[in-house]
Amino acid sequence: MQLHVFSNAETVATEAAHFIVHRIKEVLSQQDRFTICLSGGSTPKRLHQLLAEDPLQSQVDWSKIHVFWGDERYVPLEDERNNARMAYDTLLNKVNIPEEQIHVMRTDYNSPADAADAYEKILHQYFDNQPHSFDLLILGMGDDAHTLSLFPNTDVIHENTRWCSSFFLEQQDMFRVTITRPIANRSSCILFLTTGEGKAKALANVLEGPRNIDQYPSQSVQSTEGSTIWMVDEAAAAALERR
């Protein structure tokens, strides 16, 4: 695991954007597609904006990018809370990725379970019999130490077979659809972006506390096939002993 601490959230987003462009170039020099799994949240939003504008936008061959999402609130695409909508508004509508290479977690099925089944099929089509899953999985972490839709003390944390699942999150009064650890941890590179003083206690527990994935689900997501990188700001790192 690599930890990089930067001065503020803007620097985290900027450094992450440059890292992503470098990684895309590196991977595309060896293969003809790049699979990226996006996250919701404020830091990824700024990251998208940086990737969508020059000088970075013109450095990427967007026609070879294949886009996925790590999780989704089961609300319509038009809803402001929808992660895919945010990504379209801040990035995808501004770059030339073929629409058939953008794999939204659809929320117009008869049930969230149907949506999870459909997304799992897409993941298997891409990643069955492959040495790893996503070339890059971008994640955030909540102040309760959740990542993806792996919230503390939820059964989905312990899902070991399915690649995508759905469940009702009582504290938010909504259904969520999420990829699970078996596919997430097969990513070639996992990039956590964490900013703000509200994340400091959770980050210290995740990185330096005893292992307890029920209480700190972000502990459970780590690449078995490559690298796991944390990019955080000074505020989020404030409670860490090692910096």
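Reader: Is Pro210 buried or exposed?
Author: This is a predicted model, in which local features need pLDDT of at least 70, side-chain atom pairs count only at pLDDT 80 or more, and totals for chains, interfaces and linings use all residues. Residues are numbered from 1 along each chain as its sequence is written, and side-chain values use heavy atoms, with hydrogens and water left out. Buried means under 20% relative accessible area, exposed over 50%, and partly exposed in between (1.4 Å probe, protein chains only). Pro210 has a relative accessible area of 65%, so it is exposed.

Reader: Which residues is Pro210 in contact with, leaving aside its neighbours within four places in sequence?
Author: Pro210 lies in the loop between helix 6 (200-208) and strand 9 (227-233). Helices (H or I, at least four residues) and strands (E, at least two) are DSSP runs, numbered from the N terminus. Contact means heavy atoms within 4.5 Å. With neighbours up to four places away left aside, the contacts of Pro210 are Tyr216 and Gln219.

Reader: Does Gln222 count as exposed or partly exposed?
Author: The loop between helix 6 and strand 9 also holds Gln222. Residues up to four places away aside, Gln222 touches Met1, Asn185, Ile190 and Thr228. The relative accessibility of Gln222 is 40%, so it counts as partly exposed.

Reader: How many Å apart in space are Gln222 and Ala184?
Author: In sequence, Gln222 and Ala184 are 38 residues apart. In space, C-alpha to C-alpha, the separation of Gln222 and Ala184 is 7.9 Å.

Reader: Which strands stand at the edges of the sheet of 6 strands?
Author: The 6 strands form an open sheet in the order 1-9-8-5-2-3, with parallel pairing. Two strands pair if DSSP finds at least two bridges between them.

Reader: Which residue is the bridge partner of Thr194 in strand 9?
Author: Strand 8 (residues 189-194) and strand 9 are joined by 6 bridges in the parallel sense. Within strand 9, Thr194 has as its bridge partner Val232.

Reader: At about what angle does helix 1 run to strand 9?
Author: Axes are lines fitted to C-alpha atoms, for helices over the stretch in contact, and angles run from 0 to 180 degrees between N-to-C directions. Helix 1 lies across strands including strand 2 (34-38) and strand 5 (136-140). Its angle to strand 9 is about 155°.

Reader: In what order do the 3 strands of the antiparallel sheet come?
Author: This open sheet is paired antiparallel. The order is 4-7-6.

Reader: Which residue takes a positive phi in the hairpin of strand 6 and strand 7?
Author: Strand 6 and strand 7 (residues 174-179) run antiparallel, joined by 6 bridges. Leu169 has Met174 as its bridge partner, and Phe167 has Arg176. The hairpin has 4 residues between the strands. The positive phi, near 55°, belongs to Asp173.

Reader: Is helix 1 oblique or roughly parallel to helix 2?
Author: Helix 1 and helix 2 (residues 42-51) pack at about 55°, with axes 9 Å apart. Angles under 35 degrees count as roughly parallel, over 145 as roughly antiparallel, 65 to 115 as roughly perpendicular and the rest as oblique. Helix 1 is therefore, relative to helix 2, oblique.

Reader: Is the crossing of helix 2 and helix 3 left-handed or right-handed?
Author: The axes of helix 2 and helix 3 (residues 83-90) come within 9 Å and cross at roughly 30°, so the two helices are roughly parallel. A crossing is left-handed if the near helix is turned anticlockwise from the far one by less than a right angle, and right-handed if clockwise. The crossing of helix 2 and helix 3 is right-handed.

Reader: Which residues have the most contacts inside the largest nonpolar core?
Author: A nonpolar core is a set of buried Ala, Val, Leu, Ile, Met, Phe, Trp, Tyr and Cys residues joined through side-chain atoms within 4.5 Å. The largest one has 82 residues, and helix 1 (residues 9-28) gives the most to it, with 9. Residues up to four places away aside, Trp69 touches residues including Leu38, Tyr119 and Ile179. Those with the most contacts inside the core are Trp69 and Ile179.
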